[in-house]
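Colleague: I have not looked at this model before. Could we go through a few points about its helices and its ligand?

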Amino acid sequence: MIIILKPSATEEQIDTLKAEMTGRRLIIQEITGETTRMIGLAGDTSMLSPEMVTRHEFVERVMKVSEPYKLASRRFHPQDTVIEFPGGQKVGGGNLAVIAGPCSVESEEQIISIAKEVKLSGATFLRGGAFKPRSSPYSFQGLGLDGLNLLKIAREKTGLPIVTEIMSQEHCEVFANDVDVIQIGARNMQNFPLLREVGGLGRPVLLKRGSSSTIDEMLQAADYILAGGKSAVILCERGIRTFETATRNTLDISAVPVLKKRSHLPVVVDPSHGTGHWDLVFPMAMAAVAAGADGIMIEVHNHPEKALCDGQQSVTPFLFDRMMNRIKKLRGVMCE
Ligand code: PEP
Ligand code: MN
């Protein structure tokens, strides 16, 4: 529900209204429109009839929000959310974030050499999995906390903020202390207890779309995190499962403008998992940028043929550099 206030509403009246709504255990979000002041309410509003709100003479009218997600909705936050990092990186609002690095952290030498190379080519964040959600229990599961420590060394050497996936609530504290962007993988997009907990950590969260999830479900998952009140969310389209087998997933490029229309949250595209083939990563990264994505996430490996995970979809630092040159040119044309 969105409450539209009369211009004459006083701070005192607004505070009383907010206290009433908090008493109903609703989450309040102040919305500053161009000319009007509004209050968005998220939570169970089924017991709150519009008449109960409009009886306050300082309330202009009430609007029901039909979408199942609220805090992620553009109605609740008309301006783009822009997440700023201490190093000056910005995600959202027309800035292009480039998150690059290997699928998994494998060794100190590997992560540091890749981090240095991707930074030289223009990456703004370093990715690398320490805890890996592998479909098979017999596949490489990641280096765990040792991998996280190697990411921290790579951050120290390059200044790149680190993006890495959390798989379990037991690691929330360590991730809150050590990780710049906490990734929720596709397989955990609807792990609601995990979503709730990361929402209280106060670190930006990169939420990947579940491989069989609709856009509505993804935005509701974002609401779970936002309801924690502390963590910003970056949405990530990484392909969905369809009948097509030529690619690992079907990368839903149209999700970019749909998400941008419905939500104020930044949208990043992962063409590596979206296609599953290194030679398809460049064209789909270009397509994502052309469609208006706020960022791309690319798997880069110095020896893809020896990678412990996802080598077939990883580009070399050399190819990544070529891709970045073309992307910079495309951005130049788009900004003309
Ligand atoms: C990843 O980014 O390493 C990953 C496992 O991706 P997804 O959750 O999209 O499969
Ligand atoms: Mn991967």
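Colleague: Is the crossing of α10 and α11 left-handed or right-handed?

Modeller: This is a predicted model, and the answer is computed from its helix axes. Helix α10 covers residues 278-290 and helix α11 covers residues 317-335. The crossing of these two helices is right-handed.

Colleague: How are α10 and α11 oriented to each other?

Modeller: Their axes come within 10 Å and cross at roughly 20 degrees. Angles under 35 degrees count as roughly parallel. The two helices, α10 and α11, are therefore roughly parallel.

Colleague: What is the orientation of α7 to α8?

Modeller: Helix α7 spans residues 215-226 and helix α8 spans residues 255-262. The two pack with their axes 11 Å apart, at an angle of about 50 degrees. That angle makes α7 oblique to α8.

Colleague: In which hand does α7 pass α8, left or right?

Modeller: The helices in this pair are α7, residues 215-226, and α8, residues 255-262. The crossing in which α7 passes α8 is right-handed.

Colleague: How many residues of the shell around ligand 1 are charged?

Modeller: The residues surrounding ligand 1 include Arg127, Lys132, Glu165, Arg187, Lys208, Arg238 and Glu299. Also among them are Pro133, Gly185 and His273. The shell divides into 2 nonpolar residues and 3 polar ones, and the number of charged residues is 7.

Terms used:
Residues are numbered from 1 along each chain as its sequence is written. Chains are lettered from A and ligands numbered from 1 in the order in which they are written. This is a predicted model: local features need pLDDT of at least 70, side-chain atom pairs count only at pLDDT 80 or more; totals for chains, interfaces and linings use all residues. Side-chain values use heavy atoms; hydrogens and water are left out. A residue is near a molecule or strand if one of its heavy atoms lies within 4 Å of it. Ala, Val, Leu, Ile, Met, Phe, Trp, Tyr, Cys and Pro count as nonpolar, Asp, Glu, Lys and Arg as charged, and the others, Gly among them, as polar. Axes are lines fitted to C-alpha atoms, for helices over the stretch in contact, and angles run from 0 to 180 degrees between N-to-C directions. Helices (H or I, at least four residues) and strands (E, at least two) are DSSP runs, numbered from the N terminus. Angles under 35 degrees count as roughly parallel, over 145 as roughly antiparallel, 65 to 115 as roughly perpendicular and the rest as oblique. A crossing is left-handed if the near helix is turned anticlockwise from the far one by less than a right angle, and right-handed if clockwise.
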